[in-house]
Amino acid sequence: MTIILGAGMAGCLAGVLDPKAIILEAAPEPTASHKAVLRFREDKISKVTGIPFRPVMVRKAIWMDGREVEPTPRVCNLYSQKVTGKILDRSIRSIEPVQRFVAPDDFHLQLVEQCRARTKYNSPVEAIGKKQVRIKNGVVERSPDEPILSTIPMPLLAAMLGIQHNEKFDFQPITVNRYKVPGADVFQTIYFPSDETPVYRATMTGDDLIIESVAATESPVRVCEAFGISHSQLLPVSENVQKYGKIAPIDDRMRKHIMFTASADFRVYSLGRFACWRNILLDDVYEDFFKIKRMIATTTHYDHKLEALT
């Protein structure tokens, strides 16, 4: 039996893919923590979960100094520094239309429901051993060869397992505001690289307007101007803060060392964006799940290491 740590999007997806696994979740009850934009490159996850996705064509633009601009190196660097504090390659580099698949608004909650009978809530993990996982108010027994899939953020798991490193894990919280735009049915994303606004990206998904900001929110007037819609049309839906909204890369050799040590010494396999500490889509989590399954099935230390480092 596999133990999954965390009932977020990655943990629940793993729970659907492994119907015998149990999930340990720190929260006292089911929550849908992901409020930002959620799109997919393919529809594999739709097929395996039975949750219908909608194929769409997404149009993109960049709004700066009150007008649309091209993704020049300067503009891309300003955007990267705004969202990570570093000059890195980000998605803003290309504003060509792309085909994507859009999940329903309650996608995470549907995954939660599919895993509910196997999820233990109010079970924050305090320690991981080779024969048991200590959680709040108890333990979960495991055999020495029983695998654990962890969606816990990498720095927290490394500390829990005592894995030494000298990396600084930089991350930035984001604020996500959602609105309804009655009568709208478009799929568009606009980037905001300038520091004149805390907004860094805004997305229209059908009649949903999702505004992502790196700091306290402001009036959506500027975003409405960029989209060519009236501020008076908006119907507020929600505001949420995501702690690990944006993450900056660490040294890739150390990142892989932490994951390999966790898997080789503790049979703990990292799954998901924060666990692997890299910017990936849920499509990648799907592929990584099966990669981990291959790692678990390998019989030699050499094969295990080769798979972990590719």
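Which residues in H1 meet which residues in H9? I found that Met9, Ala10, Leu13, Ala14 and Leu17 in H1 meet Leu282, Val285, Tyr286, Phe289 and Phe290 in H9, a contact being heavy atoms within 4.5 Å.

A note on the ground rules before I go on. This is a predicted model, in which local features need pLDDT of at least 70 and side-chain atom pairs count only at pLDDT 80 or more, while totals for chains, interfaces and linings use all residues. Residues are numbered from 1 along each chain as its sequence is written, and side-chain values use heavy atoms, with hydrogens and water left out.

**Entry: H1 with H9**

I took helices (H or I, at least four residues) and strands (E, at least two) as DSSP runs, numbered from the N terminus. H1 and H9 pack at an angle of about 45°, and their axes are 10 Å apart. The axes are lines fitted to C-alpha atoms, for helices over the stretch in contact, with angles running from 0 to 180 degrees between N-to-C directions. That angle makes H1 oblique to H9; under 35 degrees would count as roughly parallel, over 145 as roughly antiparallel, 65 to 115 as roughly perpendicular, and the rest is oblique. I sorted the residues of the contact of H1 with H9 by class and got 10 nonpolar, no polar and no charged. Here Ala, Val, Leu, Ile, Met, Phe, Trp, Tyr, Cys and Pro count as nonpolar, Asp, Glu, Lys and Arg as charged, and the others, Gly among them, as polar.

**Entry: H1 with H4**

Next I looked at H1 (residues 9-17) against H4 (residues 107-115), which pack at about 45° with axes 9 Å apart. This pair is therefore oblique, and its crossing is left-handed. From H1 I listed Met9, Cys12, Leu13, Gly15 and Val16, and from H4 Phe107, His108, Leu111, Val112, Gln114 and Cys115. The contact of H1 with H4 has 8 nonpolar, 3 polar and no charged residues.

**Entry: salt bridges**

I counted 20 salt bridges, each a side-chain nitrogen of Lys or Arg within 4 Å of a carboxyl oxygen of Asp or Glu. Lys293 pairs with Asp18, with the closest N and O atoms 3.1 Å apart. Lys293 sits in helix H9 (residues 282-297) and Asp18 in the loop between H1 and strand E2 (22-24), 275 residues apart. Asp18 is buried at 9% relative accessibility, whereas Lys293 is partly exposed at 31%; buried means under 20% relative accessible area, exposed over 50%, and partly exposed in between (1.4 Å probe, protein chains only).

I then checked Glu212 and Arg201, whose closest N and O atoms are 2.9 Å apart. Glu212 lies in strand E15 (residues 208-213) and Arg201 in strand E14 (residues 199-206), so the bridge ties together parts 11 residues apart in sequence. Glu212 is buried at 1%, and Arg201 counts as buried at 17%.

I also jotted down a salt-bridge network that links Lys86, Lys168 and Asp170.

**Entry: Tyr79**

Tyr79 is in helix H3 (residues 73-84) and is buried, at 1% relative accessibility. Leaving out residues up to four places away in sequence, I found Tyr79 touching Arg90, Ile92, Tyr191, Phe192, Pro193, Tyr200 and Arg201.

Note on methods: A crossing is left-handed if the near helix is turned anticlockwise from the far one by less than a right angle, and right-handed if clockwise.
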